[in-house]
Amino acid sequence: MSIFEDTAPKSSRPRPLRVAVLGCSGSIGTQTLDVCRQHADKVQVVALSANTSTDKLVAAAREFGVGHVAVADDSRVHDPILDELPHGCQTAFGPDAVVELAQLPEVDCVVCAVVGAAGISAGYAALKAQKVLAYANKESIVVGGDLLMPLARPGRLIPVDSEHSAIFQCLVGERTSDIHCLWLTCSGGPFYGRTREELAHVTAADALAHPTWSMGSKITIDSATLMNKGLEVIEAHHLFEVPIDSVRVLVQRQSRIHSMVEFADGVVKAQLGPSDMRIPIQYALSYPERWDTPSPRVDWCQEAPVTFGEADQQTFGCLALAREAGRTGGTLPCAMNAANEVANAAFRAGECGFLDIEHVVREVMDHTKVEPVQSLRQLADVDAQARSQARSVLSGMSR
């Protein structure tokens with residue numbers, strides 16, 4: 001099912017829009033709360049979740065006066081800070097509690113900012129409950145797009161990734177059948193232009209120094225390996241119903257052009273703006289309206305020229321692996337994503353080298369039996385098996 005309206009979109013969002021922010025303590029979650037803070041007349045935060053950061057969860061719950069919170073890590077049940085939640089706030093623990101927030105009758109819109117594959121169950125539940133889903137969890141689309149996209153009613157799943165928000169905005173009023181290709185832009189990360197020999201010696205601190213975006217540590221490492229862009233290629237394939245090879249990756253170092261759509265007649269639409277994630281977050285909440293900007297405006301007369309380049313899939317092999325997984329489909333993207341999450345964490349912990357991330361992902365992909373996607377349970381099993389295989393590969397490398 002297409003995520004686009006069949007006709008020109010009309011405003012049908014309730015006012016105030018009652019929002020659940022899942023993953024409220026992370027980078028996207030805190031920026032979502034900043035947007036909600038700026039537009040308190042339009043948005044009401046009614047539910048929040050966090051994984052382990054109960055201090056940040058309680059602070060946000062008190063500020064916004066929410067009635068429901070969930071802590072994914074149930075070992076935090078006795079955290080003293082939870083005693084400071086607002087009076088009458090209902091508290092639940094464990095991954096299922098986060099999913100239940102996405103189904104609450106008093107929630108109109110779910111902002112899913114949970115990191116990694118863990119967000120798929122909440123996204124699935126939100127779509128099943130016919131909520132508006134502002135999705136900042138690309139891994140869920142990569143892993144379970146075959147299950148999620150058939151549930152996505154027009155105008156009810158709005159991507160939050162800056163690139164996919166840009167493509168979504170370029171396609172408003174257009175027909176997806178007229179798409180020639182999507183130009184998915186990419187800053188190139190901190191290692192643009194490096195050789196593989198140079199990459200063999202970079203550290204996690206080097207990789208976390210992203211040139212233009214402020215993001216969480218996992219996604220910042222993914223941006224350095226270009227795995228993040230590979231995941232976004234698969235995400236775009238599902239969201240916009242285009243073949244994997246119709247999604248082109250374009251290096252745009254200044255991060256001013258957030259992505260482009262090229263149509264059958266040769267016309268190209270691009271979305272430009274500041275490098276500020278609050279803008280696509282806000283658009284997901286306001287669609288089809290536009291609210292006052294949360295970010296300083298760009299003075300285009302003072303901007304340096306924008307430049308373009310080609311992503312180097314030979315040097316940054318994770319992008320090529322993601323494309324391969326996307327073309328194959330089935331459960332392979334799930335296994336690939338799980339292996340990457342394990343290897344990414346190992347690199348951040350100093351347990352493997354930068355290029356070892358690619359090696360681990362390749363090994364797991366090569367040993368994955370690919371099957372059609374059938375259920376969330378099946379994907380959970382594939383994810384667990386791939387993680388186990390990835391840890392075995394890492395263990396063998398350290399001997």
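**Reading a pocket, a hairpin and the cysteines**

Visitor: Which helices and strands each supply at least two residues of the lining of the second largest pocket?

Guide: They are helix 6 (162-171), strand 11 (268-272) and helix 11 (278-286). Helices (H or I, at least four residues) and strands (E, at least two) are DSSP runs, numbered from the N terminus. The model is predicted, so local features need pLDDT of at least 70 and side-chain atom pairs pLDDT 80 or more, while totals for chains, interfaces and linings use all residues. Residues are numbered from 1 along each chain as its sequence is written, and side-chain values use heavy atoms, without hydrogens and water.

Visitor: What is the volume of the second largest pocket, and which residues are closest to its centre?

Guide: Rolling a probe the size of a water molecule over the atoms shows where empty space is left. A pocket is an open set of points on a 1 Å grid over the protein atoms alone, where a 1.4 Å probe fits, with protein on both sides within 12 Å along at least five of seven lines; lining residues have an atom within 4 Å of a point. The volume, the space filled by probe spheres set on the points, is about 460 Å³ here. Of the 24 lining residues, Gln271, Pro274, Ile279, Arg290 and Thr293 are the closest to the centre. Helix 11 gives the most, with five residues.

Visitor: Where is Ser286, and is Ser286 buried or exposed?

Guide: Ser286 belongs to helix 11. Its relative accessible area is 4%, so Ser286 is buried (under 20%, with a 1.4 Å probe and protein chains only). Beyond its neighbours within four places in sequence, Ser286 is in contact (heavy atoms within 4.5 Å) with Arg13 and Trp291.

Visitor: How do strand 10 and strand 11 pair?

Guide: Strands pair if DSSP finds at least two bridges between them. Strand 10 (residues 257-263) and strand 11 are antiparallel, over five bridges. In one of these, Met260 has Ala270 of strand 11 as its partner. The hairpin has four residues between the strands, and its Gly266 takes a positive phi near 95°.

Visitor: How many disulfides does the structure hold?

Guide: A disulfide is a covalent bond between the sulfur atoms of two cysteines. With a cut-off of 2.5 Å between the sulfur atoms, the structure holds zero. For Cys186, the nearest cysteine sulfur is that of Cys318, 13 Å away.

Key: Buried means under 20% relative accessible area, exposed over 50%, partly exposed in between (1.4 Å probe, protein chains only).
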